[in-house]
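Biologist: Could you take a close look at one part of this model for me? I'd like to hear about the aromatic rings and what goes on around them.

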Amino acid sequence: YYRGVTRGRRGDLDGAIVDLQAALRERPDLTRASLELGAALLRADRPAEAAPQFAAARRDPELAGRATLFEGIARLRMGEDDAADALLREAGGEADQHLAATYYRGVVEYRRGRHYRARNLLEEVVAAEPGSPTAKEAQALLDEIGPPERRWELTASSGFQYDSNVLLAPTGDTVEDDLLISDEADGRAVLAASGRWVPARTDYGRLQLGYDFYQSLHFELDEFNIQSHGVGGDFAGVGGDFDWGAYGWYDFHLLEGEKFLSRLTFLPWLGWRPAPAWRTEVSARLRNDDFYGETYGVRDSSQGLYGLRQFFHLADDRFAWVGYRYDDVDSTSDAVASRRFQFGAHEAEAGVRFAVVPRAVIDAEYSYRHERYDTASEVPFDGQPGLLPRRVDDAHRGQISLRLELTKHIALLQGVAVTDSASTQDEFTYDRIIGSVVLEVGL
């Protein structure tokens, strides 16, 4: 026994293992020999043989703490994370084993992908014994995990856009939101600000709350100036191959300083990623629009937008996706003037994102949208007799944008969006080009 211990201390692991095994054949109840044999086997990278020796040594109350810690390490190296975690938790209950057990529990959580919990454990080790070998190993693993996610974020941006055909669209320039077509070009300044706060986060999910502000200021067409305020939050969770979440938001829009639109949005989603290279996502956006005033009051509606997207991850800094969405917009009124804006739409879309250099990211997207409106769209707006052709719209839309990070807190965004929308009713046929340059500052 003593020769085996001495050989182990000198690094002669093979000799130590032979002597300690011989000692245990003579004295199977010699728990100290079991502990020393387990330690030699563990150092020789034979954890599966070491674990039973530590289990035997745990029967001795004087050795139970060290034996439990070492068996936890052996189970960790064997890939038995659940068993390792249980043993390390038990070993951590003793003061002289606590920091070592905490470090290895951090390793277990890191291997599980629970970086938030791993960071808390490893930071405890670094704070308790800064500069110690265990603390250095803990810090090295913390460096691999990366910095913790910030609890808050503030961004502000300002820029200039040129619009070849100014539309009244509360959420920007999407086809589905077009309310009024000016057939006139104009430039505009755009101002935006947002704040995000994460009140709760674990390795299984995150709750985020936020506020958004937006203001457009046209150089000539003041009647299209929109100001928006939005508040809400989202929750995202993850488990195994699945991730899920829900987004809820309330937006209030002003048109030329007057109350214009109150909008409530709820969007649950579910993602499935069985392999690193691809991910499937399904979503359902439910939205309710309540307009103020007589002019746009007929556009009050509820919407269900149901989507399926397939993402292909080509590398760490690039991915592509294709998708399909079905849009169902129903008027909240049965009046003909309201029902003429009801429609069902099918939309196919595709996009790609890639980094041309580490701080420059390009996004490119294309979509085709087919909208078929209610039969009420055949009734002329002026109430004159006769019928119009039932409204059917086909819109093609493409856009490309470049985000260039100038510094850690400043980014330059440049983009071009092109829309070509054809309709069976001429007044809804239009094309549009938007070019934009925006400077963003974030804290």
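How far is the charged end of Arg391 from the centre of the Phe428 ring?

Modeller: It's 3.5 Å from the centre, and the charged end sits over that ring. "Over" here means NZ of Lys or CZ of Arg within 6 Å of the ring centre and within 35 degrees of the ring normal. Arg309 does likewise with Trp321, its charged end sitting 4.0 Å from the ring centre.

Quick caveats: this is a predicted model, so local features need pLDDT of at least 70 and side-chain atom pairs 80 or more, while totals for chains, interfaces and linings use all residues. Numbering runs from 1 along each chain as its sequence is written, and side-chain values use heavy atoms, leaving out hydrogens and water.

Now for rings against rings: the whole structure has 13 aromatic pairs (Phe, Tyr or six-membered Trp ring centres within 6.5 Å; planes under 30 degrees apart are stacked, over 60 edge-to-face, the rest tilted). One of them is Tyr1 with Tyr2, edge-to-face because their planes are at 70 degrees, with centres 4.9 Å apart. Tyr1 is partly exposed at 27% relative accessibility, and Tyr2 is exposed at 66% (buried is under 20%, exposed over 50%, partly exposed in between, with a 1.4 Å probe and protein chains only).

Phe260 and Phe291 are edge-to-face too, 5.5 Å centre to centre with 70 degrees between planes. That pair links distant parts of the chain, 31 residues apart: Phe260 is in strand S8 and Phe291 in strand S9 (strands are DSSP runs of E, at least two residues, numbered from the N terminus). Phe260 is buried at 2%, and Phe291 is buried at 7%. Finally, Phe242, Trp272 and Trp278 form one aromatic cluster.

How values were computed. Helices (H or I, at least four residues) and strands (E, at least two) are DSSP runs, numbered from the N terminus.
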